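Reader: I would like to go through this model label by label. Please set each value against its cut-off.

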Amino acid sequence: MTEEDCEWTLVGNPVLDFFMEDENSKKMLSTRTLAKRIGLRQKDVFYHILNCDKFERVQPIDVGYNGSRTRVFKLKADI
């Protein structure tokens, strides 16, 4: 995927825009928190994240969770 692949609508990717702000670029946030802060539904946030290759799923132990999988994401380090 290229950068253009992440912007498939006229509005663009609001989740990517949120993470590109300086104060949010290093954060690890869940889809629920992102939905509240951006004003989208949680499944819309999840859709935007999964259709863009600039995000990576956080390891559960990094956020203090002992499960096998989380819905917490961050921007990839190489961006």
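**Labels and their cut-offs**

Reader: Why is Tyr65 called partly exposed?
Author: Its relative accessible area is 44%. Buried means under 20%, exposed over 50%, and partly exposed lies in between (1.4 Å probe, protein chains only). The value 44% falls in between, so Tyr65 is partly exposed. The model is predicted: local features need pLDDT of at least 70, side-chain atom pairs count only at pLDDT 80 or more, and totals for chains, interfaces and linings use all residues. Residues are numbered from 1 along each chain as its sequence is written, and side-chain values use heavy atoms, with hydrogens and water left out.

Reader: What makes Thr31 buried?
Author: Thr31 has 1% relative accessibility, and therefore counts as buried. Thr31 belongs to helix H2 (residues 31–38). Leaving aside residues up to four places away in sequence, Thr31 touches Gln42, Val45, Phe46, Ile49, Arg71 and Phe73. Contact means heavy atoms within 4.5 Å.

Reader: Is Leu16 buried or exposed, and how do you know?
Author: Leu16 is buried, because its relative accessibility is 8%. Leu16 lies in helix H1.

Reader: Why is Asp17 called partly exposed?
Author: Asp17 has a relative accessible area of 47%, so it is partly exposed. Asp17 is in helix H1 (residues 14–20). With Glu21, Asp22 and Glu23, Asp17 forms a surface patch of negative charge. Asp and Glu count as negative, Lys and Arg as positive.

Reader: How many salt bridges does the structure hold, and what makes Lys74 and Glu56 one of them?
Author: There are 2. A salt bridge is a side-chain nitrogen of Lys or Arg within 4 Å of a carboxyl oxygen of Asp or Glu. Lys74 and Glu56 meet at 3.7 Å, N to O. That is within 4 Å, so the pair qualifies. This pair links distant parts of the chain: Lys74 in strand S3 and Glu56 in strand S2, 18 residues apart. Lys74 is partly exposed at 27%, and Glu56 is partly exposed at 29%.

Reader: How do you know that Asp44 forms a salt bridge with Arg41?
Author: Their closest N and O atoms are 3.1 Å apart. The cut-off is 4 Å, so this pair counts. Asp44 is partly exposed, because its relative accessibility is 24%.

Reader: How many helices and strands are there, and what pattern does the chain follow?
Author: The protein chain has 3 helices and 3 strands. Along the sequence they run α-β-α-α-β-β. Of the 79 residues, 32% are buried. Among contacts between residues at least 6 apart in sequence, 48% join residues at least 24 apart.

Conventions:
Helix = DSSP H or I, 4+ residues; strand = E, 2+ residues; numbered from the N terminus. Patch = residues over 30% accessible without salt bridge, like charges linked within 9 Å, V, L, I, M, F, W, Y side chains within 5 Å. Areas by Shrake-Rupley, 256 points an atom, 1.4 Å probe, with all protein chains shown as cover. Charge placed at Lys NZ, Arg CZ, Asp CG, Glu CD.
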